[in-house]
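Here is a short tour for anyone who likes to see how a fold is put together. Keep the viewer open and follow along as you read.

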Amino acid sequence: MSALGHVLPLAASGSEDLGGLAGFAVDLMEKLGGPGAGLAVALENLFPPIPSEIILPFAGFAASRGDFTLWGAIFWTTLGSLVGAWAMYGIGAGLGRRRMYAVWERVPLVKTEDLEKTEAWFARHGGKAVFFGRMVPIFRSLISVPAGLERMSFALFTLYTLLGSLVWNSVFVMAGYLLGEQWDTVGPYVGTFQNVVIALVVAAVGFFVVTRVRSIRAEKRAGGPAA
């Protein structure tokens, strides 16, 4: 049995039961080592419910036990992030702006101008959005889709994704490496951060909906387009 196989019971006895998707990700690392960590991270990009706060610290913990090196853990997880991001970029590029506009026009309460403004913003700040987006839960996966839709330079997309993923992955792999058997204490902090992001997104969506509904009502009362 590999060294990682010996630490798996320790992981399972942590504060959280590593069942479901988390257990599946850990099982990949147990069976495949570093490449398994990379594969788990790649899948996390495609299926965000797979928790990176479990994969990355556990990969660091496994490295501290000697199953693979610390640099190997960072390399494989970052490669996995890049491959997963490429897949999401491909989805966006495959959908294309034409289909995106066709779908957008069927969405209630939004206007074509909203999408045009979003595109203009991404054209100006796409590089920063991809780089910093790789460090924000939820958006880590989703940010690759608009990059594909807008056909952002693939070389630049790869560079910003690589750099952002390297920063994010290194922090959590190192945390798991240094914390050792307490690697699972990282999860609650990331979970809190994610909850804050979700709350901000919900608040922003709520504000948008309320503002747009008021605008539509004002337009109807005025009998013409709202300002």
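**Overall make-up**

Please keep in mind that this is a predicted model. The protein has 10 helices and 0 strands, so the elements read α-α-α-α-α-α-α-α-α-α from the N terminus on, by the DSSP runs used here. Of the 227 residues in the protein, 42% are buried. Among contacts between residues at least 6 apart in sequence, 72% join residues at least 24 apart.

Two packed helices are described by the angle between their axes and the distance between the axes.

| Helix pair | Angle between axes | Axis distance |
|---|---|---|
| α3 (residues 34-46) and α4 (residues 52-64) | about 160 degrees | 10 Å |
| α4 and α5 | about 150 degrees | 8 Å |
| α4 and α9 | roughly 55 degrees | within 6 Å |

Take α3 and α4, whose axes pack at about 160 degrees. That angle makes α3 roughly antiparallel to α4, and α3 passes α4 in a left-handed crossing. On the α3 side the contact is made by A37, A40, V41 and E44, and on the α4 side by S52, I55, L56 and A59. Sorted by class, the contact of α3 with α4 has 6 nonpolar, 1 polar and 1 charged residues.

Next come α4 and α5, packed at an angle of about 150 degrees. This makes α4 roughly antiparallel to α5. Here α4 passes α5 in a right-handed crossing. L56, A59 and A63 of α4 make the contact with L70, A73 and T77 of α5. These residues divide into 5 nonpolar, 1 polar and no charged.

For α4 and α9, the axes cross at roughly 55 degrees. That makes α4 oblique to α9, and α4 passes α9 in a right-handed crossing. From α4, the residues S52, L56, P57, G60, F61, A63 and S64 meet W168, N169, F172, V173, G176 and Y177 of α9. By class, the contact of α4 with α9 has 8 nonpolar, 5 polar and no charged residues.

**The nonpolar cores**

In soluble globular proteins, nonpolar side chains tend to be buried together. Which members of the largest nonpolar core touch the most other members? Of its 23 residues, they are M29, I55, L56, A73 and V173. The elements that give two or more residues to this core are α2 (20-32), α3, α4, α5 (70-104) and α9 (154-179). Its largest share, 8 residues, comes from α4.

Leaving aside neighbours within four places in sequence, L56 is in contact with V41, T77, W168, N169, F172 and V173. Another core, of 9 residues, lies apart from the largest one; F122, A129, I143 and M152 are among its members.

Start with I74, which lies in helix α5. Is I74 buried or exposed? It counts as buried, because its relative accessibility is 6% and the cut-off for buried is under 20%. Beyond neighbours within four places in sequence, I74 is in contact with L166, S170 and V173. I74 and V167 are 93 residues apart in sequence, while their C-alpha atoms are 9.7 Å apart in space.

S144 lies in helix α8 (residues 144-149). S144 is buried, with a relative accessible area of 1%. Not counting residues up to four places away in sequence, S144 touches A85, M88, Y89, R134 and F157.

Finally, find R151 in the loop between α8 and α9. R151 is exposed, since its relative accessible area is 56% and exposed means over 50%. Most residues other than glycine have a negative phi. Phi of R151, by contrast, is near 50 degrees, a positive value in a residue other than glycine.

Key:
Residues are numbered from 1 along each chain as its sequence is written. This is a predicted model: local features need pLDDT of at least 70, side-chain atom pairs count only at pLDDT 80 or more; totals for chains, interfaces and linings use all residues. Side-chain values use heavy atoms; hydrogens and water are left out. Axes are lines fitted to C-alpha atoms, for helices over the stretch in contact, and angles run from 0 to 180 degrees between N-to-C directions. Helices (H or I, at least four residues) and strands (E, at least two) are DSSP runs, numbered from the N terminus. Angles under 35 degrees count as roughly parallel, over 145 as roughly antiparallel, 65 to 115 as roughly perpendicular and the rest as oblique. A crossing is left-handed if the near helix is turned anticlockwise from the far one by less than a right angle, and right-handed if clockwise. Contact means heavy atoms within 4.5 Å. Ala, Val, Leu, Ile, Met, Phe, Trp, Tyr, Cys and Pro count as nonpolar, Asp, Glu, Lys and Arg as charged, and the others, Gly among them, as polar. A nonpolar core is a set of buried Ala, Val, Leu, Ile, Met, Phe, Trp, Tyr and Cys residues joined through side-chain atoms within 4.5 Å. Buried means under 20% relative accessible area, exposed over 50%, partly exposed in between (1.4 Å probe, protein chains only).
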